[in-house]
Each structure stands twice: as C-alpha cells, then as structure tokens.
Amino acid sequence: MLKRVFDPNDTSGASVKISQARFPAPFVSGLEYGAPARGTWNIVHTGMLIPDAHQVFVCASNCLRGVVLTAAEMNASHRFSTVTIKENNVLEGDMEDLIIEGVSDIIRKLPNRPPAVLVYTSCIHHFIGCDLPLCYKELRKRFPDIAFTDCYMNPIMRKSGLTPDQIMRRQLYSLLETREKDPKSVNIIGNNYATDDDSDIVRFIKKSGYTLREVPRCTTYEEYQQMSESFLNISYNPAALAGGEYLKTAQDQQHLYLPLSYDEDEIKEYMKKLAEALGTEYDGDPEAKDRADKALERALSVIKDAPVVIDYTATSRPLSLARLLLEKGFNVERVYADSFSKEDQGDFSWLKENCPDLDIYATVQVKLRILPRVYDRKTLAIGQKAAYFTGTANFVNIVEGGGFYGFSGIEKLADLMTEAFIEEKDTRCLIQRKGLGCESCI
Amino acid sequence: MKQTQAFLSTYTADVSGVCSALFELGGMTVMHDPSGCNSTYNTHDEPRWYDTESLVFISALSEIEAIMGDDQKIIDDIVDAANQLSPEFIAIAGTPIPMMIGTDFDAIASEIEFQTGIPTFPFQTNGMHSYISGAGMALAAYADRMLDDAPAEIIPRSVNILGATPLDFSVNGSVDSMKRVLEEKGWKVLSTWAMGSAPEDLASSGQAAVNLAVSAVGLETAKVLKAKFGTPYIIGTPCGEKFNELLLKALENAAETKKSSAAFPDIPAEEIDIVIIGESVTSRSLASALHLEYGKAARVICPIETESDILSSKDAFLPEEDEITESLKTAKIVIADPMYRPLLPKEAKLIPLPHEAYSGRIYRAEIPDLVADIRAYFERSL
C-alpha cells in the first residue's frame with residue numbers, strides 16, 4: 001500500500017492564490033491525474049444526440065474500451081460498433097482497407113439500416129497519414145442511402161488547435177443536408193443539453209415568434225435535418241464556436257455567439273444582440289433580474305458564510321460565477337480549474353484585484369490524487385469535481401452550465417444551491433455515472 | 001470479417017492490466033498516452049479507484065512531443081512527480097502512439113532511475129493486447145526486480161496466489177475465498193499477487209513451497225519465481241469442492257515432486273453443448289468444477305491471450321466476433337458475460353457470468369463469488 005510521506009497541507013504546485021495566478025494556465029503542465037467524476041459528456045454521448053445514427057469507432061483496443069462501455073452504460077450498444085486496429089495494420093499500412101471493409105461489414109450485419117453512420121478515427125490514423133477522404137468516398141459509393149461523417153477520437157491533438165470535444169460539437173452538424181432557409185426559425189447549437197425552456201434565451205426566442213431547434217430536442221432524424229432550415233445559429237458554450245463558424249459556410253446560416261455569463265451587464269448586452277438579430281427589442285427583463293436577485297438572497301440566507309467551491313465542469317464560466325457569488329456576499333473559497341477560457345479573462349482580473357485570497361486549485365495535478373478530500377466545515381460545492389475534492393455531500397449536480405442561461409439561469413442555479421445545501425446527495429454514486437442526463441445503467 | 005465487432009464489447013487492454021496489477025504495491029504507474037487511457041482505466045477497469053490513493057497517471061503526450069520525439073518531457077515530468085510523491089517504484093506503460101514512434105522505454109526508465117534512485121520498470125505495452133499480457137508482464141517484472149535473489153528457506157505447506165486482480169476476480173470477496181479454501185486445508189498463504197497483500201508479504205514469496213496461478217495473468221510470475229527460487233506451480237482457480245480437492249492434491253504433489261502442472265481433469269465427452277466464454281484458467285477451472293460436481297461437460301471459448309496448453313482439445317482460442325458466433329451455433333447453454341448475449345443462437349440459454357475485464361462495472365453487483373459457492377450459482381442457473 002502507498003505510504004504517505006508528504007505533508008498533506010503542502011498544496012504547492014496544486015493550488016495558488018488568484019493574486020499569484022497566471023492567466024490562462026495557472027499551473028505547470030506535467031503528469032495528469034483523473035478524478036472519478038464522470039458527469040461530463042464525451043464524444044460518444046454527444047454523437048448519440050443524432051437520432052437513429054450509428055457510431056463506428058476504429059481504434060486500438062485500449063481506446064475502444066472506454067467508448068464501448070460508454071455506449072453500453074447509456075443502454076445504446078445497439079447503435080455502436082467497433083473495428084480494432086492491430087499491430088499488423090500499422091506495419092502493413094492497410095488502414096484504409098480496414099476502415100472501408102470493417103465499416104461495410106458492420107453495416108451489412110446491422111438489423112436495421114441507419115440513416116447515418118459516424119465513423120470515429122483515432123490518433124493512429126492521424127500519425128500514419130491515413131487517406132480518410134478515400135475511405136469516405138468509397139463508403140458513400142457502397143452505401144449511397146447512408147450519410148457518413150468523419151468524427152475523431154484523437155486526444156493527441158487536444159493541445160493543437162481544436163480539441164476532440166470541439167470537433168465533435170462541430171461534426172454534429174456535418175450531416176445536415178442543405179435546405180431552404182426559414183426566416184422565422186433559429187437553432188441553438190453546440191450543447192449537449194437542451195437549453196432550459198425557462199431560460200432568458202429560449203423564452204425570448206419563443207416570445208418573438210420564432211421556431212427553436214436544438215439537437216438535444218430532436219427525436220427523429222428528420223427533425224435533426226430540419227435544423228438546416230434555420231437562418232440563424234446561436235451558441236453560448238465556447239466549445240460550440242467552431243460549429244457555428246462551420247455552419248456559416250456549410251449551411252449559409254448566420255452565427256451569433258452569446259457567451260454564458262453570470263454578469264448583469266453582459267447578460268443584457270448579449271440579449272440585446274439576440275434581439276437585434278431577431279429584429280425585435282430587449283427591455284432588460286427586470287422581472288427576471290428581480291427573481292434572480294431574490295433567489296440569491298434566499299440562498300445566502302441559508303448558506304450564510306459556509307465555504308462555496310466551484311469547478312470548471314459545472315459551468316464554462318467558473319470565474320464569472322465566482323465573481324457574482326462573491327459580490328452577493330457568498331464565501332467562495334476555491335475554484336477548481338486547470339485553465340480558463342478567454343471569456344473569463346475580465347473576471348480573472350477583477351477577482352485578482354478584489355478577492356486576492358481566492359484559491360485556484362488544479363484538478364489534474366498529481367497531488368490532487370492524495371491531498372485530503374475533506375473540508376473542515378459544511379461546504380457547498382457547485383460541480384462534481386468540487387464535490388469530490390472537498391468530500392462534501394452538499395453539491396449542485398450540474399455540468400456544462402446545466403442548460404441554464406441569463407437571469408433565469410442565475411435564479412435556477414441559486415435555487416439549486418439552496419436545495420443542495422439543505423439536502424445531502426450520494427456523491428459517490430452520482431458523480432461516477434458517465435454523461436449526466438444520459439440514460440445510465442450504473 | 002476479422003477485427004470488427006458489430007455487437008460485442010472489448011476486453012481490458014494491456015496498459016490497464018499493468019496499472020491493475022501494480023495498483024496496491026506502493027508504486028507510481030504512468031501511462032504514456034495523450035488522454036483517454038486514464039479515464040478508461042479508472043472508470044471501467046479499476047473498482048478501487050474511488051477509495052484507494054494509488055498513484056496512476058498519464059503523461060498527457062501531445063502531438064508536438066510525439067512528432068519531435070521529445071522524451072525529455074516525460075522524463076522530467078515523472079522525476080518531478082516522483083520527487084513530490086516518493087513512490088516505492090515507477091512503472092511506465094506504453095500506448096499506441098509511443099509504439100508507432102518507437103519510444104525507447106528502456107532508455108527512459110534508465111534515465112528516470114538514474115535521476116531518482118527509484119527502481120523504474122519499462123513496459124512495452126501498446127494498447128493492442130489484452131490485460132492478460134499487461135498484468136502478466138507487470139507482476140513478472142516486479143517479481144524479477146523487487147524480490148531478493150538470495151536462496152530462501154522454504155516454509156512447508158505454504159503457497160503464493162498468483163494472478164489475482166479485480167479484472168478477473170472483481171472486488172466481491174473471491175480472492176479472500178481462495179485464501180480461505182487454502183487455509184482451511186492447512187496451507188499458509190504467504191502472499192497474493194496482487195490484491196490484499198503488502199509489498200512486505202510479496203517479499204517473502206520465495207519461501208513458498210508451491211505457487212498457485214489462479215489466472216493466465218499469474219503464469220509469467222509463476223515462471224519467474226520458478227526460475228528464481230525453483231518454486232513449482234499449479235494452474236487452476238479454486239472453484240467447487242471436488243475441483244478444490246483436485247487442486248489441493250496437485251499442490252501437495254507439486255511441493256513434493258517440484259513439478260509444475262495444470263490441475264484440470266480430462267473431460268471425456270463426445271457432444272458438448274455447454275460453452276463457457278472467458279479467460280482461460282478461470283474458465284477451465286469452472287468447466288472442471290461443472291464436470292466434477294454435476295457430470296456435465298463444457299467447452300471453453302477463450303477470446304484473449306492464453307498459453308495454448310491451458311486449453312484442452314475441445315476448447316478454442318477465438319478472438320474474433322465472427323468466429324465466436326460460428327462456434328456458438330450448436331450451443332444450448334452459454335456461460336458468459338451478459339455482453340455476449342447478442343451472439344447467442346435464439347434457442348440457447350445464457351447463464352450470466354459477468355467479467356470485470358469485459359463489461360467493466362456494469363454488472364459488478366452480479367459477479368458471483370464462485371470460489372465460495374459454486375452450487376448456489378449453478379443451481380440457480382442450470
């Protein structure tokens with residue numbers, strides 16, 4: 001067994017006061033640890049959002065194992081197949097044959113013909129110089145009734161340009177056929193969760209008389225295809241940007257990026273931009289703002305000065321959220337994040353100046369494996385990793401912002417904070433399930 | 001077609017096998033990989049991850065490091081982590097990209113060991129083989145390197161259990177049951193490689209009169225210990241009273257004659273309509289128990305690496321989905337992980353035997369402790 005030989009209070013290298021932190025990467029890169037918080041979605045979960053599509057992963061067996069079991073745990077094995085790469089394929093250079101014949105063999109065996117097949121290739125294909133266009137050309141020739149698209153499980157590229165997650169959120173729309181545009185239809189793109197119906201953004205779109213489409217709302221392949229009829233794509237998750245840019249060219253759709261934010265001025269600014277794009281006006285939604293303020297007051301009256309910790313899996317804007325809560329009087333002590341997005345730069349500077357003692361903790365630095373996962377007081381965590389690292393059962397169980405947006409999003413989050421502080425959750429059980437919100441047999 | 005799985009899962013790979021085998025031994029294991037292997041291992045292959053502070057990390061290999069052949073990054077990162085965490089040993093396991101670019105793991109390990117003074121093991125895994133090879137090579141390397149070569153005084157009726165990992169035996173008490181079976185018959189279990197035994201226990205392994213390889217994972221270690229200390233070994237997993245009698249007798253014979261062997265009896269049968277799919281040693285042990293307890297014959301389909309002489313002439317090594325489908329056409333009863341269900345003929349009955357190395361955590365709560373009670377399992381199912 002491991003012998004503890006280091007000082008458990010020595011967090012050097014794994015945490016830093018924000019006053020001393022660098023932006024956007026506060027920590028030195030090195031070996032990485034993986035905490036058992038699995039609520040964030042992976043490329044299998046995201047690909048499954050396309051109704052009736054079938055996934056084929058072409059990888060070495062160690063890469064296949066995680067994705068095979070992701071599909072199985074979400075009860076979607078019937079929409080998932082694999083082709084295994086062996087040493088001989090690397091040595092003999094027959095990777096194209098393996099993809100073409102392997103995918104063809106699988107399609108012929110399936111009990112039902114899928115309308116679309118997502119073929120995921122891996123780091124190996126990238127390094128070996130596999131002729132992927134040739135593979136897709138041949139597959140489309142063999143199966144003209146099936147739409148194929150290229151997806152990627154190539155984590156070696158995660159520090160080189162777009163990450164596999166960003167690419168997946170772009171390729172999610174690559175199967176759309178070109179259709180005539182409907183000036184009264186808009187899409188929200190790039191999210192794994194349907195944006196909350198009560199959110200400022202959805203309410204405003206619907207109130208303005210527009211049809212809203214979003215992949216997580218699609219229940220049939222035809223509904224998915226109707227997304228190409230919208231004239232405008234709206235995104236608010238930074239990982240969706242590449243998808244928005246892609247669709248500008250591929251579908252001749254406008255793209256409006258309205259980053260998720262917890263700041264009043266930013267929310268109003270983005271909602272005004274949305275109103276302009278929809279040819280209408282935004283009045284600042286004072287009622288929603290008032291409800292958000294009251295929900296925060298209720299939360300503060302319950303949580304009082306208990307420590308609040310936030311992690312980056314809960315929201316793409318952890319520093320914006322930390323700033324809001326600190327401004328409202330909450331005792332935010334820690335933010336768990338290995339790096340920050342450029343959207344958070346303004347909040348980083350503000351916090352550095354106004355809350356210099358805020359602790360920034362890494363989540364993958366090696367010491368996180370053995371630092372004590374306890375807090376000396378009852379603690380509220382926002383996010384699964386924050387809950388795991390602080391050992392609290394009082395946590396808000398959301399990932400990726402939870403589908404919330406705007407003042408109503410703040411209201412809902414504040415209510416969830418209140419509820420989480422009062423009612424304990426089974427942290428161990430909940431956070432180990434993959435893909436929060438997906439079916440899970442675990 | 002070979003290498004396609006339209007319906008099936010895939011077994012835990014070699015790199016996870018290394019991590020699993022060394023998990024409890026106080027070292028630090030590093031998967032040289034961009035990302036993904038880590039979460040696969042700690043989500044699907046390692047039931048001890050949430051509660052046990054074992055040091056398993058990834059190197060987070062990047063495109064530019066791979067293209068430039070920058071081994072210095074992993075060396076520096078491992079040395080830095082070792083200085084922070086002081087592991088007893090360091091293990092580095094490869095994945096597909098390091099294999100493709102010809103990473104010199106031996107040189108990297110030597111350099112790290114030189115800089116830290118900590119024993120460092122290089123493992124030439126590539127993510128294209130099963131956990132049998134990875135866990136097997138890890139335990140064998142540990143035995144070779146970490147055990148004292150000095151001749152040990154043999155303790156009569158003592159035994160080491162070799163090849164116990166959660167990948168084959170989960171965390172359902174099976175390993176404790178094995179110890180109990182042996183101890184109830186007067187055997188002293190010196191160590192279990194590698195669940196539930198401290199490195200100090202493993203250090204005394206050379207004093208065993210005999211070793212028991214309870215899975216294919218343990219075979220390489222058995223051979224190392226035989227070469228190092230002359231310890232004979234028996235192959236078989238405790239499973240059912242009658243097979244256990246055979247196994248215990250084989251242990252006594254081996255201790256006396258110093259000859260190694262497998263404990264499986266011959267199963268005479270013309271037509272066999274029961275099929276067991278799984279790892280070779282545990283499956284053959286189960287087939288033996290089924291024969292001895294109930295007079296029923298079963299053949300084994302082993303889809304993952306095994307030494308050929310573990311399988312009988314009626315058994316088959318079939319790694320491909322198409323081959324397994326074909327072989328199951330005449331089966332009436334199939335004892336296998338539930339994820340094999342899509343391949344079964346309509347009229348065949350599945351007796352679920354979940355295997356952590358196949359379905360991961362999905363059926364963990366239903367994995368039976370066949371060592372403790374095989375009758376309850378079969379009488380519920382047959």
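Biologist: Leaving aside its neighbours within four places in sequence, which residues is A:Leu260 in contact with?

Modeller: Bear in mind that this is a predicted model. A:Leu260 sits in the loop between β9 (254-257) and α11 (264-277) of chain A. Once neighbours within four places in sequence are set aside, its contacts are A:Tyr236, A:Asn237, A:Thr315, A:Ser316, A:Arg317, A:Gly401 and A:Tyr405.

Biologist: Is A:Leu260 buried or exposed?

Modeller: A residue counts as buried once 20 or more other C-beta atoms lie within 10 Å of its own. A:Leu260 has 24 of them within 10 Å, so A:Leu260 is buried.

Biologist: What separates the C-alpha atoms of A:Leu260 and A:Leu351?

Modeller: Along the chain, A:Leu260 and A:Leu351 are 91 residues apart.

Biologist: Which peptide bond is cis with omega of about 5°, and where is its proline found?

Modeller: Most peptide bonds are trans. The cis bond with omega of about 5° joins A:Phe23 and A:Pro24. A:Pro24 is found in the loop between β1 (15-17) and α1 (43-47) of chain A.

Biologist: In chain B, which peptide bond is cis with omega near 0°?

Modeller: Look at the loop between β7 (188-193) and α10 (199-203) of chain B, where B:Ala194 lies. The cis bond there runs from B:Trp193 to B:Ala194.

Biologist: A:Asp252 has a positive phi; is A:Asp252 buried or exposed?

Modeller: Most residues other than glycine have a negative phi. A:Asp252 has a phi of about 55° and is not a glycine, and its place is the loop between α10 (241-250) and β9 of chain A. The cut-off for exposed is 12 or fewer C-beta neighbours. A:Asp252 has 11 inside 10 Å, so A:Asp252 counts as exposed.

Biologist: What is phi of A:Asp285, and how many C-beta neighbours does A:Asp285 have inside 10 Å?

Modeller: A:Asp285 lies in the loop between α11 and α12 (286-303) of chain A. Its phi is positive, near 45°. A:Asp285 counts as partly exposed, because its C-beta neighbours inside 10 Å number 19.

Biologist: On to chain B: at what angle do α1(B) and α7(B) pack, and which word describes it?

Modeller: Helix α1 (residues 14-22) and helix α7 (residues 131-146) of chain B have axes 6 Å apart. The angle is about 40°. That makes α1(B) oblique to α7(B).

Biologist: How do the residues of the contact of α1(B) with α7(B) divide by class?

Modeller: The crossing is right-handed. From α1(B) come residues including B:Val15, B:Val18 and B:Leu22, while α7(B) brings, among them, B:Ile132, B:Leu139 and B:Tyr142. The residues of this contact divide into ten nonpolar, five polar and one charged.

Biologist: What is the hand of the crossing of α4(B) and α6(B), and how do the contact residues divide?

Modeller: α4(B) and helix α6 (residues 105-116) of chain B pack at an angle of about 35°, with their axes 10 Å apart. Their crossing is right-handed. B:Ile74, B:Ile78 and B:Val79 are among the α4(B) residues in this contact, and B:Ile108 and B:Ile112 are among those from α6(B). By class that gives seven nonpolar, two polar and two charged.

Biologist: Finally, which element gives the most to the side of chain B that touches chain A?

Modeller: The contact takes 57 residues from chain B and 58 from chain A. Elements of chain B that each supply at least two residues include β3 (55-58), α3 (63-68) and α4 (71-85). The chain B side has 27 nonpolar, 24 polar and six charged residues. With seven residues, the element that gives the most is α2(B).

Conventions:
Residues numbered from 1 in each chain as written. Chains lettered and ligands numbered in written order. Predicted model: local features only at pLDDT ≥ 70, side-chain atom pairs only at ≥ 80, totals over all residues. Helix = DSSP H or I, 4+ residues; strand = E, 2+ residues; numbered from the N terminus. Contact = placed C-beta atoms within 7 Å. Axes fitted to C-alpha atoms, helices over the stretch in contact; angles between N-to-C directions. Parallel < 35°, antiparallel > 145°, perpendicular 65-115°, else oblique. Left-handed = near helix turned anticlockwise from the far one by under 90°. Nonpolar A, V, L, I, M, F, W, Y, C, P; charged D, E, K, R; others polar.
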